[in-house]
Every structure is written in C-alpha cells, then in structure tokens.
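Please open the model in your viewer and keep the selection tool at hand. We will go stop by stop.

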Amino acid sequence: MSVTTEDLKTEERSSHESQRREGLNSMQLVSFQLAKEEYGIEITRVQEIILMGEITRVPQTPPYIKGLINLRNTVIPIVDLRLRFGLQEQDSTDETRIMVMNVGGKTVGIIVDAVSEVLRISKDQISSPPPTVAGLGREYLTGLVKLDKRLLILLDIDKILGKAEVEQIEARIGG
C-alpha cells in the first residue's frame with residue numbers, strides 16, 4: 001500500500017482538527033493553596049507569579065487590601081485572598097506568592113499560600129458545586145475539578161474582585 005501526499009495532507013488536517021477540538025474541550029489552570037485547600041484559576045487570567053516582597057500599606061482600605069507594590073514601574077494593589085475569604089491571616093512563608101492578574105481591565109495582585117502547578121483538564125472533569133455548598137463564597141465558585149485523589153475548587157476571579165470593587169480600591173489608593 002502506498003501513501004500519497006494527499007493522504008498525508010488529509011491525516012495532517014485530521015490531526016490539527018483533533019488538536020483544535022481537544023483545545024476547545026480542555027483548559028489550563030494554575031492551582032494554588034489557600035488554608036490547606038486547593039484552588040484553581042484559568043491560566044489565561046494570570047499574567048505572572050511573583051515572590052512576596054515589600055508591600056506599602058495604605059490607610060483606610062479594607063483589611064483584605066494589603067497595600068501596593070511597584071512592579072516594573074506599575075503600581076498595583078495587593079489583595080490577601082485569605083482575608084477576602086474571611087479566613088485567618090497568616091504570616092508569609094517561603095512558599096507565599098503573589099499572582100498578578102487582570103481583573104476588570106485593571107492589574108491586581110492576590111496573595112496565596114503557595115502556587116502548586118499548571119494543570120490541563122478536560123472540561124468534562126468540571127462539575128457544578130453541589131447545592132448544599134452554601135454561605136459566603138459560593139458565588140465565587142465556577143465548579144469543582146475532580147482529580148485522582150483530590151478536589152480542586154475552581155474560582156471566578158471576576159466575582160472575587162469585580163470591576164466595581166477594583167475601581168473602588170483604586171479610588172482609595174489613588175491608582
């Protein structure tokens with residue numbers, strides 16, 4: 001049996017098509033730790049992950065606003081995600097990171113306990129949060145990702161820090 005150029009082109013198109021379909025049916029997440037729980041945010045939302053550094057405090061801001069940092073001549077507000085979720089504040093460790101992301105067209109940093117890994121998941125691995133999950137925070141969830149022996153809580157960063165809230169933070173800090 002001989003393989004023609006046309007056969008190769010057809011197979012290549014088929015391969016590209018299957019990769020494209022797989023791309024539509026999958027997504028990449030950055031997973032991170034917060035108070036011994038594992039969370040995930042779509043990687044397209046994360047601009048970069050940086051080490052904790054000196055944060056300049058700003059008076060009369062909500063407790064979860066830790067202050068400002070100067071990141072390559074751009075001043076950005078820093079939000080402590082633990083405090084935003086009503087969890088107990090914790091001192092920084094060697095694992096603590098700031099995830100820099102775009103929320104409502106503004107650059108914001110969020111403090112997390114540790115960044116774990118980048119995962120590629122299939123969209124059918126995502127399930128809706130059960131109706132029994134109630135209380136503050138349910139509106140921040142977009143779903144749960146079932147992995148081998150763990151459960152990843154998928155967050156909607158736009159709901160955690162909505163555009164109006166980011167603008168309010170910037171107004172208070174003079175951004």
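Select strand β2 (residues 37-42) and strand β11 together: the two pair in the parallel sense, over two bridges. Strands here are DSSP runs of E with at least two residues, helices are runs of H or I with at least four, and both are numbered from the N terminus. Two strands count as paired if DSSP finds at least two bridges between them. Now pick Tyr39; its bridge partner in β11 is Ile153.

This is a predicted model, in which local features need pLDDT of at least 70 and side-chain atom pairs count only at pLDDT 80 or more, while totals for chains, interfaces and linings use all residues. Residues are numbered from 1 along each chain as its sequence is written, and side-chain values use heavy atoms, with hydrogens and water left out.

**The sheet**

Two places to look: Gly143 stands opposite Leu154 of β11, and Leu141 has Leu155 of β11 as its bridge partner. The two strands make a hairpin, with four residues between β10 and β11.

Strands of a sheet pair through backbone hydrogen bonds, either parallel or antiparallel.

Is strand β11 (residues 151-155) largely enclosed or largely open? Four of its five residues are buried, so β11 is largely enclosed by the rest of the structure. Buried means under 20% relative accessible area, exposed means over 50%, and partly exposed lies in between (1.4 Å probe, protein chains only).

**Salt bridges around Arg150**

Select Arg150 and Glu38. Their side chains meet in a salt bridge, 3.1 Å from N to O. Arg150 lies in the loop between β10 and β11 and Glu38 in strand β2, so this pair ties together parts 112 residues apart in sequence. A salt bridge here is a side-chain nitrogen of Lys or Arg within 4 Å of a carboxyl oxygen of Asp or Glu. By this rule the count comes to seven salt bridges.

Glu117 lies in strand β8 and Arg150 in the loop between β10 and β11, so parts 33 residues apart in sequence are tied together. Through shared partners, Glu38, Glu117 and Arg150 join into one network. Compare their accessibility: Glu38 is buried at 11%, Arg150 is partly exposed at 34%, and Glu117 is partly exposed at 31%.

**Arg82 and its partner**

Go to helix α2 (residues 81-84) and select Arg82. Arg82 is buried, with a relative accessible area of 8%. Beyond its neighbours within four places in sequence, Arg82 contacts Leu34, Ala35, Leu87, Gln88, Gln90 and Asp113. Contact means heavy atoms within 4.5 Å.

Which residue forms a salt bridge with Arg82? Asp113 does, with the closest N and O atoms 2.9 Å apart. Asp113 sits in the loop between β7 (106-112) and β8, 31 residues from Arg82 in helix α2.

**Last stop: a loop**

Select Arg72, in the loop between β4 (65-71) and β5 (74-80). Arg72 has a positive phi of about 50°, although it is not a glycine. Asn73 lies in the loop between β4 and β5 too, and its phi is near 65°, also positive. Most residues other than glycine have a negative phi. Arg72 is exposed at 60% relative accessible area, and Asn73 is exposed at 74%.
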